[in-house]
Amino acid sequence: MVQVDNAHETVLVVDFGAQYAQLIARRVREARVYSEIVPNTITAEEITRRAPAAIILSGGPKSVHVEGAPTIDDGVYELGIPILGICYGSQLIAHQLGGTVDRSGRGEYGRTELHRNTQTSQLLPQDVTSGDSVWMSHFDAVTQPPEGFSITASTNDAPAAVIENVDNHIYGVQYHPEVVHTPHGQELLERFLIDIAECRADWTMTNVIEESVDAIRKQIGKGRAICGLSGGVDSAVAAALVHKAIGSQLVCVFVDTGLMRLGEGDQVVETFQRTQGIELIHERAADAFLEALQGITDPEDKRKIIGEKFIRIFEQAQGGITDAKFLVQGTLYPDVIESGTSDAAKIKSHHNVGGLPADMEFELVEPLRTLFKDEVRTVGTELGLPDEIVWRQPFPGPGLGVRIVGEVTPEAVALLQHADAIVREEILHAGLEREIWQAFAVLADIRSVGVMGDERTYARPIIIRAVTSEDAMTADWARLPYDILENMSSRIINEVEGVNRVVYDITSKPPGTIEWE
């Protein structure tokens, strides 16, 4: 396992079950300060050993008064480390240190007007004035701060919206500075990080690349490594980073399932074999996958079959690389957070398409495991990967197999590839490719009546799905302009044989999921 020798100061984001915990950590990194998310069960002793430059207590869904509400070790407040509490984190500071947290009669949700009580606040940016809007999401509120704290801002339903203990470097804000809906929110975080905690702000992707290259070379030495390329940004950047470190000691295996987006298989080969000069084993296996999927309609069965077939073909491809002891994976920091598992020395599962056999004993090389997706894209750009790879939208491991509702046939794949290419081309032409998290087509297993050229048709519909998101844990349907949707619909019906109707999915996640299967 690659372990980067992280000489950067660390800010610990203590997670109390907030939907915004990852966003807080990302905002800290945007201030060029390294951050990690830790559980609220962390002890003062554990924090002392880690010696963070600052601590941020996240929001959370519970009230400090309910039974079983999460807390933090009281000793944390005695460490002398600067602390910032956000929403629930601010309430917890007040509750644990002797202040009062009450239900004000009604909560505040969404944009709320902030009233500044003083111009001498150490935490609030000078540009924050009374009447500015902030983003709230709470029912409880601090009504009386603990001894030694001053109230520097309030709202109509949060009398202590910002509390500060300058002597002990402990601060709390009831609102959410980490969300884009709060003007000057990033400035507030940077005042806490840079001015109060005196962090050096030296976390850059250039440094990450240099440190990762050193760590990879120390781990692999003169050994050989293989990387299973999926065509996505994560495995691509991981491969490019490892190749920068060990050059020809890396071999990539690209299993072309035939279930990728139009032209992507050739693009992967062009990028890595010809442009990047990486040794690449290209396994063209479309026929094998389509044969295995004949007659299969259940989405879980399709996933299992695709995963199993991928494993078998990957095994065959890497079988000739007898001296490879290391397996490169594009694991990201959100994967680490969500898994909740400790580091493992041997591979147990493949992060894209189902479990690799337990007897495939490789030592993992995961150079991206401390990075968020936006940081991975920056690393990819600095490594010279083309935008077509770096800004490629997320794509499910089973590929189009789970975007074809019903049986996966060669005809269905070709139809969907064509329709999907039109959707993505129109997004690109509109300049929205970096604003939309995912935009794609789905082929439904139904048929409807239509009229084309004065003739009756009975053909399949294409569903267009486009969402905005920051981490895919939640997503909102994209409000695409009508003219873009019209262009997509007109082109698909006119250019893709077998389609006579186009519909747009306006379901958010939750309650739906981004993918259809």
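Residues are numbered from 1 along each chain as its sequence is written. Because this is a predicted model, local features need pLDDT of at least 70 and side-chain atom pairs count only at pLDDT 80 or more, while totals for chains, interfaces and linings use all residues.

Let's begin with confidence. The protein has a mean pLDDT (the predictor's confidence in each residue, from 0 to 100) of 86, and 91% of its residues reach 70 or more. Values stay under 50 over residues 1-5 and over residues 340-356. Where pLDDT is low, the predicted coordinates should not be read in detail.

Now find the open, mixed sheet of eight strands, ordered β2-β1-β3-β4-β10-β9-β8-β6. Strands are DSSP runs of E with at least two residues, helices are runs of H or I with at least four, and both are numbered from the N terminus; two strands pair if DSSP finds at least two bridges between them. At the edges are β2 (34-39) and β6 (115-116), each pairing on one side only. β1 (residues 10-15) runs parallel to β2, joined by six bridges, and Asp-15 stands opposite Pro-39 in β2. Helix α1 (residues 21-30) packs on this sheet, touching β1, β2, β3 and β4 (contact means heavy atoms within 4.5 Å).

The other stop is an open sheet of five strands with parallel pairing, in the order β13-β12-β11-β14-β15. β13 (279-284) and β15 (363-365) each have a single partner strand, so one side of each lacks a neighbour in the sheet. Three bridges link β14 (residues 324-328) to β15, and Val-328 has Val-365 as its bridge partner there. Helix α6 (residues 233-246) packs on this sheet, touching β11, β12, β14 and β15.

Conventions
Side-chain values use heavy atoms; hydrogens and water are left out. Axes are lines fitted to C-alpha atoms, for helices over the stretch in contact, and angles run from 0 to 180 degrees between N-to-C directions.
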